[in-house]
Amino acid sequence: MISLIKLAEEGKIEKTGAKPKLPIKIDGVSSETLDVYRIPLEYLYYNDKNGRIATGISQLKGKLQPANDQINPQYNDSIAKLIEDDNPGALKRTEKSIQESGQQVYGYVLDDGRIVDGNRRFTALRDIHRSTGRTVYFEAVVLPFSYNNSAERVKIKKLELAIQMGVEERQGYDPVDLAVDIYRTTSGDDAIMTQADYAANSHMRPTEVKKYYDGAVYMRKFLQFIGAP
């Protein structure tokens, strides 16, 4: 497994010079200690825990192991297809913007290359590389976190919600994806937040979070009733 932080220390990944402004306070890191890096695409892979594409990911679960293109390119290709099908117009606009003006908004990735924020930008860059043959980079903050650490997983989720559903929201969740994300995040043995925590970090009302949660429960019961996975 790669370490982007180690590669940066070895001078194999360069800084852009930009300094990030974290949307929330996270214990252990601060804007003063973080940098934005130009990361080769082959080191990166989509986050299979991303709530925005939860229902699409569930269709692939068990079939593909999350990994970068050097290890398992089929994984990234499959997730990229989900993102393209979700909103092809938005993806084309992102590609055009990057080709004309470069990447204007940096993303967030974990030390092992897992993308926390920036799925569409990463997808657009992959398409640009494949269609033009040009070497392109994903500009992103590298967070010193891992999904293998349960405490850090909470921090990762808080940051994801702050970016994708906070004041600077760029695209809302699909209602079904949101219901599934709330259900997965707040219930079962793998729960990392309470419903109250989710509401606070996503700027939603607690009653609204519960409504989506209940919706996911009913969906699950219906699928079990009809014998569907």
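**Note on the predicted model: helix packing and buried positions**

1. Start with H4 and H5. Helix H4 (residues 88-101) packs on helix H5 (residues 119-132) at an angle of about 65 degrees, and their axes are 9 Å apart. Axes are lines fitted to C-alpha atoms, for helices over the stretch in contact, with angles running from 0 to 180 degrees between N-to-C directions. H4 and H5 are therefore roughly perpendicular to each other (under 35 degrees is roughly parallel, over 145 roughly antiparallel, 65 to 115 roughly perpendicular, the rest oblique).

2. On the H4 side, the contact is made by Ala-90, Leu-91, Thr-94, Glu-95, Ile-98 and Gln-99. H5 supplies Arg-120, Arg-121, Thr-123, Ala-124, Leu-125, Asp-127, Ile-128 and Thr-132. Contact means heavy atoms within 4.5 Å. By class, the residues of this H4 and H5 contact are six nonpolar, four polar and four charged (Ala, Val, Leu, Ile, Met, Phe, Trp, Tyr, Cys and Pro count as nonpolar, Asp, Glu, Lys and Arg as charged, the others, Gly among them, as polar).

3. On the source: this is a predicted model, where local features need pLDDT of at least 70 and side-chain atom pairs count only at pLDDT 80 or more, while totals for chains, interfaces and linings use all residues. Residues are numbered from 1 along each chain as its sequence is written, and side-chain values use heavy atoms, with hydrogens and water left out.

4. Now the whole chain. The protein chain has nine helices and five strands. Their order from the N terminus is α-β-β-α-α-α-β-β-α-β-α-α-α-α. Helices (H or I, at least four residues) and strands (E, at least two) are DSSP runs, numbered from the N terminus.

5. Of contacts between residues at least 6 apart in sequence, 68% join residues at least 24 apart.

6. Of the 229 residues, 45% count as buried (buried is under 20% relative accessible area, exposed over 50%, partly exposed in between, with a 1.4 Å probe and protein chains only). Two buried positions deserve a look. Val-109 lies in strand S3 (residues 107-110). At 0% relative accessibility, Val-109 counts as buried. Beyond its neighbours within four places in sequence, its contacts include Leu-4, Ile-39, Phe-138 and Val-142.

7. Leaving out residues up to four places away in sequence, Ile-79 touches Tyr-46, Ile-53, Ile-57 and Leu-60.

8. Helix H7 (residues 175-186) and helix H9 (residues 206-225) pack at about 95 degrees, axes 8 Å apart. That makes H7 roughly perpendicular to H9. The residues that meet include Leu-178, Ile-182 and Tyr-183 in H7, and Tyr-212, Ala-216 and Met-219 in H9. This contact has 13 nonpolar, one polar and one charged residues.

9. Finally, helix H8 (residues 195-202). Tyr-198, Ala-199, Asn-201 and Ser-202 are buried there. The buried residues of H8 pack against helix H6 (150-165), H7 and H9. Just after H8, His-203 takes a positive phi of about 60 degrees.
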